[in-house]
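Could you walk me through this model in my viewer, one selection at a time? I would like to know what to click on next and what is there.

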Amino acid sequence: MEKMRRRQFVLATTTAFLVPKALFASTYQLKVFRTKTCGCCGKWVEAMSEYGLELKVQIVDDDTLWTIKNQLEIPPELSSCHTALVENYFVEGHVPASDIQQLLVERPDARGLCVPGMPIGSPGMEMGAQKEPFETLLVLNDWKTLVFNQHD
């Protein structure tokens, strides 16, 4: 896994603060695929909605969700419990809304973002004061990953 270069990081963090949240929210729609029974998926959707993102949520069964992940060629080691599409990118798992905003501002040549697994403290996985550090990964076209953002 490669680290993001300093220049990319500075550009990304600066640009993310320049785009008003309301402008971002009114411009992009996330199409979310999740199962009915997964509570943390529902909480992630709520967090994205509270951020101001426009969402189209499609409830699917487990087989359909995994078919979607397979069609997108998301490797199991990068997978989580829900998948979203925005523009030409996938968003896999408990990715923070600010990272999605940063992705759409920068528009890197990549497949998407992911937060593998279900880290405690990530959006939708809140457990009071409990938090574990996690990374949002940028998935490149060759399936290599870069650390897109670190969350403590």
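## A tour of the salt bridges

Start by selecting Arg111, which counts as partly exposed because its relative accessibility is 25%, a value between the 20% and 50% cut-offs. Keep in mind that this is a predicted model.

Arg111 and Glu73 form a salt bridge, with their closest N and O atoms 3.7 Å apart. This pair links distant parts of the chain, since Arg111 is in strand β6 (residues 110-115) and Glu73 is in the loop between α4 and β4, 38 residues apart. Glu73 is also partly exposed, at 47% relative accessible area. Check its backbone too: the phi of Glu73 is near 65 degrees, a positive value in a residue other than glycine.

Next, select Arg107 and Glu87. Their side chains meet in a salt bridge at 3.3 Å, N to O. Here Arg107 sits in the loop between α5 (97-106) and β6, while Glu87 sits in the loop between β4 and β5, 20 residues apart. Arg107 is partly exposed at 39% relative accessibility, and Glu87 is partly exposed at 45%. Glu87 has a positive phi as well, about 55 degrees, although it is not a glycine.

For the last stop, pick Glu92 and Lys69. Their side chains form a salt bridge of 2.5 Å, N to O. Glu92 lies in strand β5 and Lys69 in helix α4, so the pair ties together parts that are 23 residues apart in sequence. Both Glu92 and Lys69 are buried.

Notes: Residues are numbered from 1 along each chain as its sequence is written. This is a predicted model: local features need pLDDT of at least 70, side-chain atom pairs count only at pLDDT 80 or more; totals for chains, interfaces and linings use all residues. Side-chain values use heavy atoms; hydrogens and water are left out. A salt bridge is a side-chain nitrogen of Lys or Arg within 4 Å of a carboxyl oxygen of Asp or Glu. Helices (H or I, at least four residues) and strands (E, at least two) are DSSP runs, numbered from the N terminus. Buried means under 20% relative accessible area, exposed over 50%, partly exposed in between (1.4 Å probe, protein chains only).
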